[in-house]
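Work through the exercises below with the sequence and coordinates open. Each task is followed by its solution in steps.

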Amino acid sequence: MKTQSLSKSKCIYQNTNGNFKLNLINRVIILGKSYSFAIFFFILISSFPISPLSSKTISVCTNCTIKTIKSAIALSQNGDTIKIQSGVYKEGFLPITKSISIIGETGVVIDGLKEKHVLGVYANGVHIQNLKVIGSGISDLSEFAGVHTEKVKDCYFENLTLEDNVYGFYLAETTNCTLKNNTSIGNAENEVLGGNGIHLWSASHNKIIGNKLKKHRDGIYLEFSEHLEIERNESEENIRYGMHFMFSNHNQFNKNIFKNNSAGVAVMYSKDIIMEENEFLDNWGESSNGILLKDIADSTLSKNRFEGNTIAVFADGITNINFQNNDFIDNGWGIKILGNTDYNKITDNNFIKNVFDISTNTKSTTNLFSKNYWDHYEGYDLDKDQIGDIPHKTIHFFGYWIAVYPFLMVLYESPVVLFLQGIEKAFPIVTPIEFEDQHPRMKERI
C-alpha cells in the first residue's frame, strides 16, 4: 500500500511538474510576444514626425507675456510655432537652432541693428514667413545677410521683405530649401562692398520662385550649386548681373525677367543648363549683355525674348548649345560668337531691328544657322514654301570688322561704310566670312 501510494504520489508530482513547466513556458512566450510588440510599436511611432498635438504656439507682442523673439526662440522646442504680432523688434542677431516656424502678422519688422546676420538658420525644417527683415551688419571680412543658412535642409522662406542688408538670402550647403515670393532690395553702391540678393554656395535641389531682387551686386548668384529650379523671378537695377552662376551644372531657369541691369545674366563654366521663356530687357551699357555664355556645354536656350540690350547673347567658348525659338529684337548685336565657339545650332529664331544680327571675329564656323527669320534678308521665294530660295549672309562686311576692331564703330553709317556696303551687295565675295543661313524664313516665327 505504501509502495502504491508512493508511486501514485510520484506520478501526480510528475504530471503536476510537467504542467507547471508547460505553463511557465507559455507565459514566457506570451510575455516575449508582448515585449516584442512593445518594441515594434515604439519603433513605429518613433519613425513618424512629432505630432502636432505635442507642439505649441508661442505668441510674441509688446503686451504679451513673451515680448521678444529671442525669448520665444529660447523657450521653443522642435515643432513649435512662434507667431509675432505687429511691431518693430530691435533684437540684433537671432540664431535659430531648432526646427520651428516663425510667422509674422502684417507690420512685423525685425531689425538686426547692423550687428551680424539678422536671422541665422542652423536647424533643418525651419519655416519663416511674413516678416520684414532689415539691418544686417557690414564687414569687409564677413558676408552678413538678412537671412543666413548653413548646412541645413528643408528650409522654407516665403513673403519676406528684406531691406538694407548687404546680402539678402545667403544659403550655404543647403538641400531642398525653398525661397518663394520674397523681395530683397539691397544697399549696394559698388561691386566691392555690395552683396547679392540671393546667394547660393554648394547647394542642391533648391527652389527659387517668384522673388524680386533689386539694387544688389548680383540679383541671384550661384556657385557649385546643382539641380535648382529658378522660376518667375524679377531681377532689375543690379550693379553687375541680374543673375550670375559659375561651376553649377544641371540647372534650369524659366520665365524670369532680367531688366535694366549692368548685364542681364552670366552663365559660366557649367553644363546641362535649360534656359526657357525668360525676358532679357534693357540691359544696356558699354559692354552689357542680355546673357553671357562662357565655357558652357550641352544646354538649351529657347523661347526667350531679348530686347533693348547692347549685346543680346555673348558666346565665348560654348559647345553644343541649341538656340531655338528665341526673339532678338532691337538690340545692338543679336549674337556675338567668338571663334572658339563650335557645334552650336541656331534655328527657328527671329532677328528683328538689330543693328547687327550676328557678329564674329573668325572667318569660318562649325555652327549651324537654319530656318531663322532675318528682317535684313533681301532674297525671294519663287516656290512659295515660306523659305528663301537663296541663303542669307548673317554677317556683313562692316559687322565683321567691328568685331575685330571695335573702335571702328565710330564710322557706323558714315559715307565710307555706306559705300563699302554698296560694294558688298554688288560683289558679295568682299565679305570675309562663311556664316550663312541656308534656309531663311520669309515670315516671322510666331
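**Exercise 1.** Which residue forms a salt bridge with Asp 218, and how far apart are the closest N and O atoms?

Solution. This is a predicted model, in which local features need pLDDT of at least 70, side-chain atom pairs count only at pLDDT 80 or more, and totals for chains, interfaces and linings use all residues. Residues are numbered from 1 along each chain as its sequence is written, and side-chain values use heavy atoms, with hydrogens and water left out.

Step 1. A salt bridge is a side-chain nitrogen of Lys or Arg within 4 Å of a carboxyl oxygen of Asp or Glu. The partner of Asp 218 is Arg 240, with the closest N and O atoms 2.7 Å apart.

Step 2. Asp 218 lies in strand β19 (strands are DSSP runs of E, at least two residues) and Arg 240 in the loop between β21 and β22, so the pair ties together parts 22 residues apart in sequence.

Step 3. Buried means under 20% relative accessible area, exposed over 50%, partly exposed in between (1.4 Å probe, protein chains only). Asp 218 is buried at 0%, while Arg 240 is partly exposed at 22%.

**Exercise 2.** Locate the salt-bridge partner of Asp 327 and classify both residues by accessibility.

Solution. Step 1. Asp 327 pairs with Arg 445, the closest N and O atoms being 2.9 Å apart.

Step 2. Asp 327 is in strand β33 and Arg 445 in the segment after β41, so parts 118 residues apart in sequence are tied together.

Step 3. Asp 327 is buried at 19% relative accessibility, and Arg 445 is buried at 17%.

Definitions and conventions. Helices (H or I, at least four residues) and strands (E, at least two) are DSSP runs, numbered from the N terminus.
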